Amino acid sequence: MDTEAGLGSLPHPTGAVRPVPEAEPELVERWRTQGGELIELLAQVRERVGGVAAFRIGPARTVLVTEPRAVQHVLARHPEQYVKRSHRARLLVGDGVLSAEGEAWRRQRRLLQSQFTGTGMRRYDRRITEAARTTAERWAAYARTGQTLDVGQEMHRFGLDAIWRSLTGHPLDDKTQRELEAVQVVGAALPALPAHAEDAREAIAADLARIDAVARQAIEAARGGEVGPDGPGLLHVLIDAATERPEYTDRLIRDELVTLLAAGHETTASTLTWLYLLLDRNPAAREQALAAGEEGSEERRRAIQALVHETLRLYPSAWILPRHAAEDDTLTGYSVEAGTDILVCPYLTHRDPELWPDPEHFDPRRFLTPDGRPSPTGAYFPFGIGPRTCLGMQFALRESTVLLEHLLPAHTVAFSATPPKAKYGFTVRPDGPTPATLRPPRN
């Protein structure tokens, strides 16, 4: 594949520096009048202007970045110049690693990094597997009785169980699950909250109180020496850190706990729900993955991972990555002024036909052959790239693969209704319920 496809329209990096080309005001006004989703405006800006394009919703310019070299420049090569700013997720996650900045972020990242790579990840393998087995047993019961299930709810329950076991050492019980549904409720509400911070907090106060109560109880239990059947969890690591690091107050421990709960199950649940919806329209992909090798084989695992990666291409965990230009810069030949808001959009990069042939088609084989996908790092980045790449990337890929190894051979999912569109909020998720029944596999 020509990895430079689609780059010819950009000015050469050594050429004259020019202003970022801007979308015509009429395009933005039409979008505003029609009341569309932000992604609809961004897609039009990308199509009309290109992979580095400016537009104005208010008086200030915003720059959309979808071209791979520009993506790498912003996220990986110059993260100190393109910084995160406080956003509404802070209402939920506080000063957790997702929203932290500067030296505080570096300290928090260092502590958590070792838990999600190498030996740290192996520590949670058994917990992920037990959560998958619990889900598989529940699905077996649904299949025996013919009971209707909601696939999205099932995937949220699995993702929450896996991260809760990893955090606390305990399996997720029904009461905790009901209370932690507030995490999903708050996450879905964030984009539509009032602009004023106090009004926004008031609107979700009851759900935040439920979340805080669960977090407080878990912290107190762990601090009191309580260890679950799976042994100490990541929460114990945070509590131990507090003995040497004064910044780890109960509030920061709560913020990290809620950050890991929110990011650790919402993204995985959305990905798995989309995957089953995609398999409903492309049943041969499931059969091809299972035919790639015997149960437990590396060949089958790679094929299942390809299903996950192709789903993440179409519906990336982080569909948009806001940044703020802290100083003047030259971005792939274009001048960017300090103070400019930047929107890096994996969703649009992953659907660029100049990078991904037939981009709307679900084809996991893209991730099974050496030339099946474009080579630039900035062409595929569902978890971001650079220093702020999602900490839980390996965790999310592992739990998705393990669950599918349990469920795909045992059942095909027959949806009785599917959501008509996607909802672009904390994640990109199906906008509606996903009721289904389970059938014996055809192969």
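Aspartate 150 lies opposite proline 435, a residue of strand E13. In this predicted model, the two strands concerned, E5 and E13 (residues 435-439), are paired in the antiparallel sense over two bridges. They belong to an open sheet of three strands, ordered E5-E13-E10, in which the pairing is antiparallel. The edges of this sheet are formed by strand E5 (149-150) and strand E10 (412-415); each has a single partner strand, so one side of each is left without a neighbour in the sheet.

A further open sheet of three strands shows the order E1-E8-E7, and its pairing is mixed. Strands E7 and E8 (residues 334-336) run antiparallel and are joined by three bridges. Within this pairing, leucine 331 has tyrosine 334 of E8 as its bridge partner.

Strand E3 (residues 61-65) is paired with both E2 and E9. With strand E2 (residues 52-56), the pairing is antiparallel and extends over five bridges; alanine 53 is placed opposite leucine 64 of E3. Strands E2 and E3 form a hairpin, with four residues between them. With strand E9 (residues 341-344), by contrast, E3 pairs in the parallel sense, over four bridges, and threonine 62 stands opposite aspartate 341 of E9. Four of the five residues of E3 are buried, so this strand is largely enclosed by the rest of the structure. In a regular strand, side chains alternate between the two faces of the sheet.

The cysteines were examined next. A disulfide is a covalent bond between the sulfur atoms of two cysteines. A search of the whole structure returned zero disulfides. Cysteine 345 takes part in no disulfide, and the nearest cysteine sulfur, belonging to cysteine 390, is 17 Å away. Likewise, the closest cysteine sulfur to that of cysteine 390 is in cysteine 345, at 17 Å, which is too far for a bond; the cut-off applied to a pair of cysteine sulfur atoms is 2.5 Å. Cysteine 345 is buried, its relative accessible area being 0%, whereas cysteine 390 is partly exposed, with a relative accessible area of 31%.

Note on methods:
Residues are numbered from 1 along each chain as its sequence is written. This is a predicted model: local features need pLDDT of at least 70, side-chain atom pairs count only at pLDDT 80 or more; totals for chains, interfaces and linings use all residues. Side-chain values use heavy atoms; hydrogens and water are left out. Two strands pair if DSSP finds at least two bridges between them. Buried means under 20% relative accessible area, exposed over 50%, partly exposed in between (1.4 Å probe, protein chains only).
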